[in-house]
Amino acid sequence: MKKILPFFTIILIIAIIVVIFLSMSNSKQMVVLKEGNTTLTPLEIVLGKYQDSDCGMIITDLTYASQVVSNDGKTWFFHDHGGMANWLRTKEFKDSAKIWVMSKDTNKYIDGRTAFYSTTEATPMRYGFGAYENKQNGFITFEEMSLRMLRGETMANPVYKKELLGK
C-alpha cells in the first residue's frame with residue numbers, strides 16, 4: 001500500500017489539473033468573428049463574451065465599440081475605433097466593408113464612414129477617437145481618423161497628445 005499511495009496521489013493531482021483546465025476552456029468561449037450577417041447590420045455585442053479583433057482584449061463597454069462587416073457576412077468586433085481603423089487598413093475588403101460605430105451623441109450604431117470623430121477622448125486603447133452622428137467644431141472625418149491612426153497621431157503617442165492638448 002505504501003508503494004501505491006504516491007502513484008495514486010500523482011494521478012489524482014493530474015486529474016484535478018485536467019478538470020480545472022477543461023472547465024476553464026468551456027466557460028470562456030470568446031467571440032471574435034461572427035459569420036452569416038448577410039444583412040450587413042450591426043450585431044448585438046454581449047459584454048464580456050466578445051473579443052476585440054485588433055488587440056484581443058475583451059469588450060466590456062460599448063461606448064467606443066465598432067464592427068466591420070465584409071460583403072460575405074463576416075463581422076469583426078472592436079472596443080476602440082482607432083483599433084478598428086488599424087485592423088481594417090490591411091484587409092483586401094477595406095474599401096467595400098460596412099463599418100458600424102457606436103455614436104456617443106445618439107447612443108446607437110451609425111455608419112462609420114459618415115460619422116464624425118473627436119480626437120482627445122479617453123478611449124480603451126488611448127487612441128482618443130470618439131464617434132458622433134452630429135458634427136461639432138474640431139471633429140474629423142473617417143478618412144482623417146484612419147490617416148491619423150496610420151501616422152501614429154493619436155492620444156497614445158505622448159508627443160502628439162501634448163500637441164493636441166496644447167500643453
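A residue counts as buried under 20% relative accessible area and as exposed over 50%, with partly exposed in between. Keep that scale at hand as we walk through this predicted model and its salt bridges, of which the structure holds 6.

Let's start with Asp-111 and Lys-98, whose side chains meet in a salt bridge with an N to O distance of 3.1 Å. This pair ties together distant parts of the chain: Asp-111 sits in strand β5 (residues 109-111), Lys-98 belongs to strand β4 (residues 98-102), and the two are 13 residues apart. How accessible is Asp-111? Its relative accessibility is 22%, so Asp-111 counts as partly exposed.

Now move along to Arg-151, which takes part in a salt bridge with Glu-144; here the closest N and O atoms are 3.9 Å apart. Because a salt bridge requires the nitrogen to lie within 4 Å of the carboxyl oxygen, this pair qualifies at 3.9 Å. Arg-151 also meets the side chain of Glu-153 in a salt bridge, at 3.1 Å from N to O.

What do these shared partners build?

How values were computed
Residues are numbered from 1 along each chain as its sequence is written. This is a predicted model: local features need pLDDT of at least 70, side-chain atom pairs count only at pLDDT 80 or more; totals for chains, interfaces and linings use all residues. Side-chain values use heavy atoms; hydrogens and water are left out. Helices (H or I, at least four residues) and strands (E, at least two) are DSSP runs, numbered from the N terminus. Buried means under 20% relative accessible area, exposed over 50%, partly exposed in between (1.4 Å probe, protein chains only).
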